[in-house]
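Subject: Structure for you to look at

Hello,

Here is the structure I said I would pass on. My notes follow below it.

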Amino acid sequence: MGSLSALAASKGIKIQDQTGGTARCWADEGALEQVLTNFIENAVKYGTQGGNIWVRAYETPGRVRIEIIDDGLGIDAKHRPRLFERFYRVDKGRSRADGGTGLGLSIVKHLVTSMGGQVGMEPNRPQGSVFWLTVPSLNR
(Lines give C-alpha, C1' and ligand atoms only; values in the text may rest on other atoms or scores of the structure.)
Protein backbone atom coordinates (compact mmCIF):
# COMPACT_ATOMS: atom_id res chain seq x y z
CA MET A 1 0.00 0.00 0.00
CA GLY A 2 3.03 2.31 0.25
CA SER A 3 3.13 2.95 -3.50
CA LEU A 4 -0.62 3.73 -3.44
CA SER A 5 -0.07 6.25 -0.66
CA ALA A 6 2.68 7.91 -2.70
CA LEU A 7 0.48 7.97 -5.83
CA ALA A 8 -2.41 9.45 -3.82
CA ALA A 9 -0.13 12.05 -2.24
CA SER A 10 1.15 13.11 -5.66
CA LYS A 11 -2.44 13.98 -6.61
CA GLY A 12 -3.32 15.50 -3.25
CA ILE A 13 -5.82 12.69 -2.60
CA LYS A 14 -6.48 11.71 1.01
CA ILE A 15 -7.11 8.03 1.77
CA GLN A 16 -9.09 7.70 4.99
CA ASP A 17 -9.35 4.40 6.85
CA GLN A 18 -12.80 4.19 8.42
CA THR A 19 -12.82 0.43 8.95
CA GLY A 20 -12.68 0.56 12.74
CA GLY A 21 -10.75 -2.72 12.71
CA THR A 22 -13.59 -4.79 14.19
CA ALA A 23 -15.05 -6.58 11.15
CA ARG A 24 -13.55 -10.03 10.69
CA CYS A 25 -14.08 -12.04 7.54
CA TRP A 26 -13.40 -15.44 6.08
CA ALA A 27 -11.23 -14.72 3.02
CA ASP A 28 -7.94 -15.46 1.32
CA GLU A 29 -5.62 -12.75 2.66
CA GLY A 30 -3.60 -12.39 -0.56
CA ALA A 31 -6.67 -12.32 -2.77
CA LEU A 32 -8.40 -9.77 -0.54
CA GLU A 33 -5.30 -7.57 -0.59
CA GLN A 34 -5.22 -7.75 -4.41
CA VAL A 35 -8.90 -6.79 -4.60
CA LEU A 36 -8.53 -3.83 -2.26
CA THR A 37 -5.35 -2.68 -3.99
CA ASN A 38 -7.16 -2.71 -7.35
CA PHE A 39 -10.14 -0.75 -6.02
CA ILE A 40 -7.96 1.85 -4.25
CA GLU A 41 -5.54 2.16 -7.18
CA ASN A 42 -8.45 2.80 -9.56
CA ALA A 43 -9.93 5.37 -7.18
CA VAL A 44 -6.60 7.19 -7.10
CA LYS A 45 -5.88 6.88 -10.84
CA TYR A 46 -9.28 8.15 -11.90
CA GLY A 47 -9.84 10.46 -8.93
CA THR A 48 -9.65 14.21 -9.02
CA GLN A 49 -6.80 16.34 -7.75
CA GLY A 50 -7.33 17.03 -4.04
CA GLY A 51 -10.08 14.41 -3.73
CA ASN A 52 -10.86 11.87 -1.04
CA ILE A 53 -11.07 8.10 -0.75
CA TRP A 54 -12.75 6.43 2.19
CA VAL A 55 -12.22 2.77 3.07
CA ARG A 56 -15.04 1.31 5.16
CA ALA A 57 -15.80 -2.17 6.47
CA TYR A 58 -18.70 -3.33 8.56
CA GLU A 59 -20.60 -6.48 9.38
CA THR A 60 -23.99 -7.31 7.99
CA PRO A 61 -25.84 -10.54 8.86
CA GLY A 62 -23.33 -13.30 8.06
CA ARG A 63 -21.19 -11.06 5.83
CA VAL A 64 -18.57 -8.35 5.94
CA ARG A 65 -19.05 -5.51 3.48
CA ILE A 66 -16.00 -3.51 2.43
CA GLU A 67 -16.44 -0.27 0.51
CA ILE A 68 -13.98 1.95 -1.34
CA ILE A 69 -15.71 5.29 -1.77
CA ASP A 70 -14.44 8.27 -3.74
CA ASP A 71 -15.66 11.75 -4.55
CA GLY A 72 -14.34 11.78 -8.12
CA LEU A 73 -16.27 12.23 -11.33
CA GLY A 74 -18.14 8.94 -11.03
CA ILE A 75 -19.07 6.48 -13.76
CA ASP A 76 -21.89 7.08 -16.22
CA ALA A 77 -24.88 4.75 -15.74
CA LYS A 78 -24.48 3.25 -19.23
CA HIS A 79 -21.08 1.77 -18.25
CA ARG A 80 -21.99 0.33 -14.83
CA PRO A 81 -23.51 -3.00 -15.97
CA ARG A 82 -20.30 -3.90 -17.84
CA LEU A 83 -17.61 -2.74 -15.40
CA PHE A 84 -16.63 -6.24 -14.27
CA GLU A 85 -16.44 -7.73 -17.80
CA ARG A 86 -13.05 -8.77 -19.18
CA PHE A 87 -11.37 -6.11 -21.33
CA TYR A 88 -14.12 -3.53 -20.72
CA ARG A 89 -12.80 0.01 -20.19
CA VAL A 90 -14.91 3.07 -19.50
CA ASP A 91 -12.36 5.51 -20.93
CA LYS A 92 -10.41 3.51 -23.51
CA GLY A 93 -7.93 6.26 -24.37
CA ARG A 94 -7.13 7.15 -20.79
CA SER A 95 -6.84 3.51 -19.70
CA ARG A 96 -4.31 2.73 -22.45
CA ALA A 97 -2.27 5.79 -21.49
CA ASP A 98 -2.20 4.56 -17.89
CA GLY A 99 -1.26 1.03 -18.95
CA GLY A 100 -4.66 -0.52 -18.20
CA THR A 101 -5.75 -3.75 -19.87
CA GLY A 102 -9.40 -3.86 -18.86
CA LEU A 103 -8.77 -7.01 -16.81
CA GLY A 104 -8.49 -5.59 -13.28
CA LEU A 105 -12.15 -5.55 -12.31
CA SER A 106 -12.76 -8.89 -14.02
CA ILE A 107 -10.00 -10.42 -11.89
CA VAL A 108 -11.49 -8.72 -8.81
CA LYS A 109 -14.87 -10.31 -9.52
CA HIS A 110 -13.31 -13.74 -9.99
CA LEU A 111 -11.32 -13.48 -6.73
CA VAL A 112 -14.28 -12.28 -4.68
CA THR A 113 -16.60 -14.92 -6.14
CA SER A 114 -14.04 -17.65 -5.37
CA MET A 115 -14.12 -16.52 -1.71
CA GLY A 116 -17.91 -16.92 -1.61
CA GLY A 117 -18.55 -13.21 -1.97
CA GLN A 118 -20.13 -10.66 -4.23
CA VAL A 119 -18.83 -7.47 -5.77
CA GLY A 120 -20.44 -4.37 -7.22
CA MET A 121 -20.44 -0.66 -7.84
CA GLU A 122 -22.95 2.07 -7.16
CA PRO A 123 -22.83 5.84 -7.47
CA ASN A 124 -21.74 7.92 -4.51
CA ARG A 125 -24.03 10.88 -3.89
CA PRO A 126 -23.62 13.69 -4.77
CA GLN A 127 -20.60 12.60 -6.82
CA GLY A 128 -18.15 9.73 -7.12
CA SER A 129 -18.29 5.95 -6.88
CA VAL A 130 -18.70 3.22 -4.29
CA PHE A 131 -16.99 -0.04 -5.17
CA TRP A 132 -17.95 -2.75 -2.70
CA LEU A 133 -17.49 -6.38 -1.93
CA THR A 134 -18.97 -8.79 0.57
CA VAL A 135 -17.34 -11.91 1.96
CA PRO A 136 -18.44 -14.35 4.67
CA SER A 137 -18.08 -13.09 8.24
CA LEU A 138 -16.22 -15.08 10.87
CA ASN A 139 -19.19 -14.32 13.16
CA ARG A 140 -21.83 -16.06 11.06
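Is Leu103 buried, partly exposed or exposed? Leu103 counts as partly exposed, because its relative accessibility is 26% (buried means under 20% relative accessible area, exposed over 50%, partly exposed in between, with a 1.4 Å probe and protein chains only). More on that residue further down.

First, the conventions. This is a predicted model, in which local features need pLDDT of at least 70 and side-chain atom pairs count only at pLDDT 80 or more, while totals for chains, interfaces and linings use all residues. Residues are numbered from 1 along each chain as its sequence is written, and side-chain values use heavy atoms, with hydrogens and water left out.

Overall layout

The protein has 4 helices and 5 strands, and from the N terminus their order is α-β-α-β-β-α-α-β-β. The radius of gyration is 15 Å, close to the 14 Å that the globule rule gives for 140 residues, so the protein is as compact as a globular protein of that length. Helices (H or I, at least four residues) and strands (E, at least two) are DSSP runs, numbered from the N terminus. The radius of gyration is taken over C-alpha atoms, and the globule rule is 2.2 Å times the number of residues to the power 0.38.

Along the principal axes, the C-alpha atoms fill a box of roughly 45 × 30 × 30 Å. Of the 140 residues, 41% count as buried. The protein exposes about 7,900 Å², and carbon and sulfur atoms supply 51% of that area (Shrake-Rupley method with a 1.4 Å probe; for residues, only the protein chains shown count as cover). Among contacts between residues at least 6 apart in sequence, 67% join residues at least 24 apart; contact means heavy atoms within 4.5 Å.

Strands E2, E3 and E5

Strand E3 (residues 63-70) is mostly covered, with 7 of its 8 residues buried. E3 pairs with strand E2 (residues 52-60) in the antiparallel sense over 8 bridges, and with strand E5 (residues 129-136), also in the antiparallel sense, over 7 bridges. Two strands pair if DSSP finds at least two bridges between them. On the E5 side, Val64 stands opposite Val135. The hairpin of E2 and E3 has 2 residues between the strands, and Gly62 there takes a positive phi near 75°.

Loops

Ala23 is in the loop between strand E1 (14-18) and helix H2 (29-45). Ala23 counts as partly exposed, at 24% relative accessibility. Not counting residues up to four places away in sequence, Ala23 touches Ala57, Tyr58, Glu59 and Val64. Between Ala23 and Asn139, which are 116 residues apart in sequence, the C-alpha to C-alpha distance is 9.0 Å.

The loop between E3 and helix H3 (92-97) holds Phe87, and Gly72 lies in the loop between E3 and H3 as well. Gly72 counts as buried because its relative accessibility is 3%. Apart from neighbours within four places in sequence, Gly72 is in contact with Thr48, Gln127 and Gly128. Gly72 and Val135 are 63 residues apart in sequence and 26 Å apart in space, C-alpha to C-alpha. Phe87, by contrast, is exposed, with a relative accessible area of 54%. Phe87 also has a positive phi of about 70°, although it is not a glycine.

Back to Leu103, which lies in the loop between H3 and helix H4 (104-114). Leaving aside neighbours within four places in sequence, Leu103 is in contact with Arg86 and Phe87.

Helix H4 and what follows

In H4, the buried residues include Leu105, Ser106, Val108, Leu111 and Val112. An α-helix has 3.6 residues a turn, so residues three or four places apart point the same way. The cover over the buried residues of H4 includes H2, E4 and E5. After H4 comes Gly116, whose phi is positive, near 80°.

Lastly, a cis peptide bond joins Arg125 and Pro126, with omega about 10°. Pro126 is in the loop between strand E4 (118-123) and E5.

Regards
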